[in-house]
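Subject: Structure handover

Hello,

I am passing a structure on to you. Please open it first and then read the notes below it.

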Amino acid sequence: MDHAADAQRTDLMTITRYVLNEQSKHPEARGDLTILLSHIVLGCKFVCSAVNKAGLAKLIGLAGDTNIQGEEQKKLDVLSNDVFINALKSSGRANVLVSEENEEPIFVEASKRGRYCVVFDPLDGSSNIDCGVSIGTIFGIYMLQEGSEGTVADVLKPGKNMVAAGYCMYGSSCTLVLSTGTGANGFTLDPSLGEFILTHPNIKIPKKGKIYSVNEGNAKNWDQPTTSYFIICRYVEKAKFPIDGSSPKSLRYIGSMVADVHRTLLYGGIFMYPADKKSPNGKLRVLYEVFPMSFLVEQAGGQSFTGQGRALDIVPKNIHERSPIFLGSYDDVEEIKALYSAAEVKKE
Ligand code: AHM
Ligand code: MG
């Protein structure tokens, strides 16, 4: 018997064990982040189970249908939002919550309040539910400011201030990618155990990739640097960029940010949702889409750029603010940065 392989099979690194190990490196840690994360993980497991049954909605009465008791069933995105809000409140560690589904921030009642603020999109890409495409939950965590009782100012902070960020992808398997600021790690749900097991330790995004990912249907409204970059991705401009096997690139666009970013993290390349004439700030939301994904990409050795600067430097003015975004392999993002810098020089 191969004892080493056997030990690996039986000595499971669950997400809770991983977070506990990480937190034990900080002598001042009180275990609050571990508890908060375990409640987020619980929410992810619940949503995963609900998403897996989504195709059976008509049969068993889920998602917008009427169940046997004649009660109207909740849509999956509404259900997911309720699950995360309840899980976070009951953790006793959360304070200000921002969800894509709620116009206003949620302030946890005094008796249940903790030191962390959580910004999240409970079910991103939910328009893809009915056709079974991968969707996901995205979250970012801030620590309450010193002396604050919890106000909106606690979450209107640059993404680089986050203490942790992650996403959970409900796909062919359920994968949770998490960073507590010391690299990015991927965990896959073992349905028979009901536990997330470390399957992708210390994710490193390839320095340069062969894939670009963007909604080309918006191309006629893009600005000049984005258009130039898109032409490079498609046709290779020999004069500017040597043919190094990374261009022309393949196009992959799922239209579900979690799935597109997950592929970008593992295979490399660039994911973009640029500004266009109709949407000068792009589509994706700063707090719970752009920031957590940029945090993870940077932790994996990549970059995230808005067209003006580092995405994690944005200081949001409101909780549902949007920003253009280009994120992925370090060298690919360098190219788009160079094109925006050149356009700036021309303007001057
Ligand atoms: P949502 O928050 O309403 O689900 O929208 C966000 C989604 C992202 O997952 C994805 O990257 C993007 O919208 C796709 O937008 P488009 O259909 O314009 O390409
Ligand atoms: Mg969303």
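The notes start with the conventions, go on to the whole protein and the ligand, and end with some single residues.

This is a predicted model, in which local features need pLDDT of at least 70 and side-chain atom pairs count only at pLDDT 80 or more, while totals for chains, interfaces and linings use all residues. Residues are numbered from 1 along each chain as its sequence is written, chains are lettered from A and ligands numbered from 1 in the order in which they are written, and side-chain values use heavy atoms, with hydrogens and water left out.

The protein as a whole

The protein has 9 helices and 13 strands (DSSP runs numbered from the N terminus, helices being H or I of at least four residues and strands E of at least two). Of its 348 residues, 52% are buried (buried is under 20% relative accessible area, exposed is over 50%, and partly exposed is in between, with a 1.4 Å probe and protein chains only). Taking contacts between residues at least 6 apart in sequence, 62% join residues at least 24 apart; a contact means heavy atoms within 4.5 Å.

Ligand 1

Ligand 1 is surrounded by 15 residues, the closest being Asp124, Gly125, Tyr253, Met257 and Tyr273; a residue is near a molecule if one of its heavy atoms lies within 4 Å of it. By class, the shell holds 5 nonpolar, 5 polar and 5 charged residues (Ala, Val, Leu, Ile, Met, Phe, Trp, Tyr, Cys and Pro count as nonpolar, Asp, Glu, Lys and Arg as charged, and the others, Gly among them, as polar). Domain 1 (12-200) and domain 2 (211-347) each give at least three residues to the shell; the domain bounds come from an automatic or database domain assignment.

A polar backbone atom of Gly125 is 2.8 Å from an oxygen atom of ligand 1. For Met257, a backbone N or O atom lies 2.6 Å from an oxygen atom of the ligand. In Lys283, an N or O atom of the side chain is 2.9 Å from a ligand oxygen atom. Ligand 1 taken alone exposes 470 Å², of which the protein buries 77%. Strand 3 (116-124) and strand 11 (270-273) are the elements that give two or more residues to the shell.

Single residues

Phe84 lies in helix 5 (residues 76-91) and counts as buried because its relative accessibility is 2%. Gly43 is 41 residues from Phe84 in sequence, yet their C-alpha atoms are 5.4 Å apart.

His320 is in the loop between strand 12 (303-305) and strand 13 (325-328). His320 counts as buried because its relative accessibility is 17%. The side chain of His320 makes a polar contact of 2.7 Å with the side chain of Tyr288 (a pair of N or O atoms within 3.5 Å; within protein, one must be able to donate a hydrogen and the other to accept it, and residues adjacent in sequence count only if both atoms are side-chain atoms).

Asn202 sits in the loop between strand 8 (195-200) and strand 9 (211-213). Its phi is near 45°, a positive value in a residue other than glycine.

Conventions:
Accessible areas come from the Shrake-Rupley method with a 1.4 Å probe; for residues, only the protein chains shown count as cover.
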